[in-house]
2 protein chains.
Amino acid sequence: MKADDLILISVDDHLVEPPNMFDGRLPARFADVAPRVRRLDDGSDVWTFNGSVIPNIGLNAVAGRPKEEYGVEPTAFDEMRPGCFDIHERVKDMSAGGVLGSMCFPSFPGFSARVFSAADDKDLALAVVRAYNDWHIDEWCGAYPGRFIPMALPILWDPHLAAAEVRRLAAKGCHSITFTENPATLGLPSFHDEHWDPLWQALVDENVVLSIHLGSSGKLSVTAADAPVDVMITLQPMNICQAAADLLWSRVIKKFPGIRIALSEGGTGWIPYFLDRIDRTYDMHHLWTGQDFGGKLPSEVFREHFLTCFIADPVGIKLRDMIGLDNIAWECDYPHSDSSWPNAGEELAVVAADVPDDELNKITFENAMRWYSFDPFAHRPRERSTVGALRAEVAGHDVTTRSFDKGRFERTGAGTDLSALASNATA
Amino acid sequence: MKADDLILISVDDHLVEPPNMFDGRLPARFADVAPRVRRLDDGSDVWTFNGSVIPNIGLNAVAGRPKEEYGVEPTAFDEMRPGCFDIHERVKDMSAGGVLGSMCFPSFPGFSARVFSAADDKDLALAVVRAYNDWHIDEWCGAYPGRFIPMALPILWDPHLAAAEVRRLAAKGCHSITFTENPATLGLPSFHDEHWDPLWQALVDENVVLSIHLGSSGKLSVTAADAPVDVMITLQPMNICQAAADLLWSRVIKKFPGIRIALSEGGTGWIPYFLDRIDRTYDMHHLWTGQDFGGKLPSEVFREHFLTCFIADPVGIKLRDMIGLDNIAWECDYPHSDSSWPNAGEELAVVAADVPDDELNKITFENAMRWYSFDPFAHRPRERSTVGALRAEVAGHDVTTRSFDKGRFERTGAGTDLSALASNATA
């Protein structure tokens, strides 16, 4: 398929929270303790909440920058592309990149909102999570119906409250919740504990996908403090296989057969090997470990429960039949450093040049629509939803690379202590 | 190729150290502190050294057992197949499985001999490592010339001593050294520190392969203490991609272009995805991280330095061209629980049914010979080295499955606390 004819729904992008997002959304008694943006003496903008100071590192907002200027230094709103945090600019950037729909993960709260759940005052934590979710659904996604797959932050400290929030938001049309790839590493009961059952039941009842983003265990793959940053970048998506294995073998899958899980930004090329590995593990070991999938192979069970996704993954495309054509979705990863925006459509067209149209359509938009109960065509006809059509609508929008090298921050990067980066960059 | 016509050299098997291995090999002053086998009150046999008690868990010596009896309980020499620890029985088992050659990793010292290096008395530690290496080369491998690829234990506490030991053993024909997949997790300088340069130089000078076995970082992939053991088994080989990334991006590869590394028991099906990932990481990030391979792609550099191996990996076989036909070797993993002994040849013949003979020969023995400077045909003609020919030589050898279910140990397993297992099972 030609790039212009693709229809692209991205199941993994990121938003940088704008400073005013909580305005009018919290009870007056929390006015002094609400999350807020502060400018530090070095000129960077940080979010502060509950004693934490959370910078936004450069690598996480590099859309439209030259690659020479990627780095892990802190940044500020006026050195980011406005599409990172401004919904109107974001939609223009999406159209200029040919992207019809997008699901946006959070930045400063962490992928599992652990920054919020860390608050000692759980009334405050609850108010902030709910305010964030309402802002995300009503203001961010609501500004452009049919362009965004809404996604909620989880409540980590109480599975009954978590379930109630899922049900509240499902009634508003939200069918995705972001979660940690390993609650145990956050000091919470693991995936193997009954503790979470009320949440799992709510997900099944309300047809909500558990979207697990790489890096959401609260730790990056840092092999050594003095390892080059390239090591961590390489290993990021490979780490998520731990969450896949953890959940695949868990009681969750067996007790909640309707549960569905997305491995966000996890890549796809490793999945065939993983599926072979779990089937072999089952064959060699289930007689003593007691694993029982009711006569199914673990790889079959995987395909019933897991959505995988990729940015540009020639191996995954080649092996798509071994992964499962109904289990692969595309992602853009705007505005992070792994994204090929605004040329992601062209990149995909090259990687998937040999893929028949009906298969490619599943990967680029049909699977995302089905898994996330998302119907952009209720708002925009299909013929106006292609890469070519969307681009034509914003023909004058500037997507040329913009240099910030004369900005106020000294660039850091290759020599940075990754231990410090790990604690700042993830969630 | 038919199974009978295969020539099999396994680059990853395991030996269980026999109780008498140190007899006459240590100075008299260490008689009271030498490693020794003790029988515990529960009837299990353990090695003791320097205050440590190291059991041999059942899973690591299950060759010839029914799968229902796999488990992580401790074991004893009289409940193991003698081929685990007796060289004469081992060679018969190899022949009965059709295996011509074998490289045997250690058990109780740990893959990187950290049990020995932990001794406060470094003279004792040095004497024990050297005694082990001499026993391994002279007695274990030496008993059957041409049947074993010798492999040395490393000296972890002094890179100059480590280099000297490599040179001493290379003179005895040893071209493999086992090592940790991450020295940093053992509390040592990381792969990125100049500390290890004397060792790397010795490896290059003496044409010795750094053989890095999965699990050798001293920790298993345990997602949570209450995770099913299946999770850890699944993730074991996937963990080694961290060592591959760590070394690929390190200064070691650049400063020692002759260094060669084996990812032992690491599997192969994930390698094409990994190679694509490192090339993309390079493309997206090298302008700010400063990585420079002199005009080569990281994937090309990987193929110059890394040997991969597999037990039975249909994905890796299918994608062998993307891995590199000169970079794949077969392994048996006797007597561990992932092994298909004595039917590994039949299993491989099925998985590799479509592979041309010249390509399969590289994978089953030619690559192992070249990487490890090993020439079995100096001792045995090629026509007597096939699966069929070797089996015919030991036609009466009993390889039927033997039950130990009436043995003295209560079987444990699925419900075992993996944290405890992790600290015992690895090295």
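## Ground rules

Contact here means heavy atoms within 4.5 Å. Helices (H or I, at least four residues) and strands (E, at least two) are DSSP runs, numbered from the N terminus. This is a predicted model, where local features need pLDDT of at least 70 and side-chain atom pairs count only at pLDDT 80 or more, while totals for chains, interfaces and linings use all residues. Residues are numbered from 1 along each chain as its sequence is written, chains are lettered from A and ligands numbered from 1 in the order in which they are written, and side-chain values use heavy atoms, with hydrogens and water left out.

## Helices α4 and α5 in chain B

With that cut-off in hand, take chain B. On the α4(B) side, the contact involves B:Pro159, B:His160, B:Ala162, B:Ala163, B:Val166, B:Arg167 and B:Ala170, which meet B:Pro198, B:Leu199, B:Gln201, B:Ala202, B:Leu203, B:Asp205 and B:Glu206 of α5(B). By class, that makes 9 nonpolar, 2 polar and 3 charged residues. The classes work like this: Ala, Val, Leu, Ile, Met, Phe, Trp, Tyr, Cys and Pro are nonpolar, Asp, Glu, Lys and Arg are charged, and the others, Gly among them, are polar.

Helix α4 (residues 159-170) and helix α5 (residues 197-206) of chain B pack at about 15°, with axes 7 Å apart. Axes are lines fitted to C-alpha atoms, for helices over the stretch in contact, and angles run from 0 to 180 degrees between N-to-C directions. The pair is therefore roughly parallel (under 35 degrees; over 145 is roughly antiparallel, 65 to 115 roughly perpendicular and the rest oblique). α4(B) passes α5(B) in a right-handed crossing, meaning that the near helix is turned clockwise from the far one by less than a right angle, with anticlockwise being left-handed.

## Chain A: α4 with two partners

In chain A, α4(A) packs against helix α5 (residues 197-206) at an angle of about 15°, axes 7 Å apart. That makes α4(A) and α5(A) roughly parallel, and their crossing is right-handed. Among the residues that α4(A) brings to this contact are A:Pro159, A:Val166 and A:Ala170, while α5(A) supplies residues including A:Pro198, A:Leu203 and A:Glu206. The tally for this contact is 9 nonpolar, 2 polar and 3 charged.

Helix α3 (residues 122-141) of chain A also packs with helix α4 (residues 159-170), at about 20° and with the axes 12 Å apart. These two are roughly parallel as well, and α3(A) passes α4(A) in a right-handed crossing. From α3(A), A:Leu126, A:Val129, A:Arg130, A:Asn133, A:Asp134 and A:Ile137 meet A:Leu161, A:Glu165, A:Arg168 and A:Leu169 of α4(A).

Most residues other than glycine have a negative phi, and most peptide bonds are trans. So what goes against that here? A cis peptide bond joins A:Tyr334 and A:Pro335, with omega about 0°, and A:Pro335 sits in the loop between β10 (328-330) and α13 (344-351) of chain A. In chain B, the bond from B:Trp341 to B:Pro342 is cis, omega near 0°, and B:Pro342 lies in the loop between β10 (328-330) and α13 (344-351) of that chain.

Two non-glycine residues carry a positive phi: A:Ser373 at about 50° and B:Ala113 at about 60°. A:Ser373 is in the loop between α14 (357-371) and α15 (387-393) of chain A and counts as partly exposed at 35% relative accessibility. B:Ala113 is in the loop between β5 (99-105) and α2 (114-117) of chain B and is buried, at 1%. Buried means under 20% relative accessible area, exposed over 50%, partly exposed in between (1.4 Å probe, protein chains only).

## Residues touching the other chain

A:Asp338 is in the loop between β10 and α13 of chain A, and at 9% relative accessibility A:Asp338 is buried. Leaving out residues up to four places away in sequence, A:Asp338 touches A:Glu265, A:Ile311, A:Asp333, B:Arg277, B:Arg280, B:Met284 and B:His285.

B:Gln242 belongs to helix α7 (residues 241-248) of chain B and is partly exposed, at 23%.
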